[in-house]
Amino acid sequence: WLDQHLEALRQVLHWLATAEILDLLPIHTVEEEIRILNTRLEVFHRTLKEPHSNVTGLVEKVQARLNSIGDQKLVLCHRDLHDKQIITSWEGGSLIDLDLLAQGSSALDSGNIIAHCKLRSEQGNPVPWESIAKILSRDASDRGVESEALVTWTASTLARIALIYARRKRHEGLITKLLSSLDDLLENRGEWQGVFG
């Protein structure tokens, strides 16, 4: 992990948040996000012999939070933004995989990045997720993103990650750690306390 990686993340998030958006782009709504979570949850229960018992309750908490955040400013959203979607070099960064490009919450992509940085850390990579989250949270706040919206979209991504990675080859205990982290995030406690300002 290098400082230039964080700068690339910040530049991409700033560009997406300030880029002109065309009305012909689809809108990624809260309802669509909830539908995606429901689909992931159904597949999770259908494919695993022993699904984690806390998953359904946590996903329902995330969905309730999504329903409560209200209208948000729409910006250009990548929708699948994470560290592997940004190619960095000394000259700058390039964004790839734009097939899900849409109008969406100004908190969506920042939440995706923060949740994925947490994932990388849990996978054993030297990613300083807490300091990254604090900086990206401050940047989002400077752009007018409400803290509650950023927490909620981060939680939604963390829930999706847990549901997806439960069916992949993974490090021992990863899903339990992700679900525990999600619970802490939703309750603003433990490692997440103070991260979002």
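I started at Asp183, which counts as partly exposed at 22% relative accessibility. My cut-offs: buried is under 20% relative accessible area, exposed is over 50%, and partly exposed lies in between, with a 1.4 Å probe and protein chains only. The model is predicted, so I took local features only at pLDDT of at least 70 and side-chain atom pairs only at pLDDT 80 or more, while totals for chains, interfaces and linings use all residues. Residues are numbered from 1 along each chain as its sequence is written, and side-chain values use heavy atoms, with hydrogens and water left out.

**Entry 1. Around Asp183**

I looked up the partners of Asp183 next. I count a salt bridge when a side-chain nitrogen of Lys or Arg lies within 4 Å of a carboxyl oxygen of Asp or Glu. Asp183 meets Lys61 in a salt bridge, at 3.7 Å from N to O. This pair links distant parts of the chain: Lys61 sits in helix H3 (residues 55-68), Asp183 in helix H7, and 122 residues separate them. Helices here are DSSP runs (H or I) of at least four residues, strands are E runs of at least two, and both are numbered from the N terminus.

Lys61 is partly exposed, with a relative accessible area of 38%. Asp183 also forms a salt bridge with Arg189, at 2.7 Å from N to O. Arg189 counts as partly exposed too, at 34% relative accessibility. Which residues join the network of salt bridges? I found Lys61, Asp183, Asp184, Glu187 and Arg189 linked in it.

I also noted Glu60, which is found in helix H3. Glu60 is partly exposed at 47% relative accessibility.

**Entry 2. Glu33 and Arg160**

My count for the whole model came to 13 salt bridges. One of them joins Glu33 to Arg160, with the closest N and O atoms 3.0 Å apart. Glu33 lies in helix H2 and Arg160 in helix H6, so this pair ties together parts that are 127 residues apart in sequence.

Are Glu33 and Arg160 buried or exposed? Glu33 counts as buried, at 2% relative accessibility. Arg160 is buried as well, with a relative accessible area of 13%.

**Entry 3. The aromatic rings**

I went through the rings of Phe, Tyr and Trp (its six-membered ring). They pair if their centres lie within 6.5 Å; planes under 30 degrees apart count as stacked, over 60 as edge-to-face, and the rest as tilted. The structure holds two aromatic pairs.

Trp129 and Trp192 form a tilted pair, 4.5 Å from centre to centre and with 55° between the planes. This pair links distant parts of the chain: Trp129 is in helix H5 (residues 129-142), Trp192 is in the segment after helix H7 (174-187), and they are 63 residues apart. Both Trp129 and Trp192 are buried.

Trp192 and Phe196 form a stacked pair, at 5.8 Å centre to centre and 10° between the planes. Phe196 is buried, as is Trp192.

**Entry 4. The largest pocket**

A cavity is a set of points where a 1.4 Å probe fits but cannot get out; a pocket is an open set with protein on both sides within 12 Å along at least five of seven lines; lining residues have an atom within 4 Å of a point. Points are joined across faces, edges and corners, and a volume is the space filled by probe spheres set on them.

The largest pocket has a volume of about 490 Å³. It is lined by 22 residues, and Arg40, Asp80, His116, Arg160 and Ile164 lie nearest its centre. Helix H2 (30-47), H4 and helix H6 (147-165) each supply at least two lining residues.

I sorted the lining by class. Ala, Val, Leu, Ile, Met, Phe, Trp, Tyr, Cys and Pro count as nonpolar, Asp, Glu, Lys and Arg as charged, and the others, Gly among them, as polar. The pocket lining divides into eight nonpolar, six polar and eight charged residues.

**Entry 5. The cavity**

I counted one cavity of 30 Å³ or more. The largest cavity has a volume of about 40 Å³. Which residues line the largest cavity? They are Leu13, Leu16, Ala17, Val75, Leu76, Ser106, Asp109, Ser110 and Arg143. Helix H1 (3-18), strand E1 (74-77) and helix H4 (108-122) each supply at least two residues of this lining. H1 gives the most, with three residues. By class, the cavity lining has five nonpolar, two polar and two charged residues.
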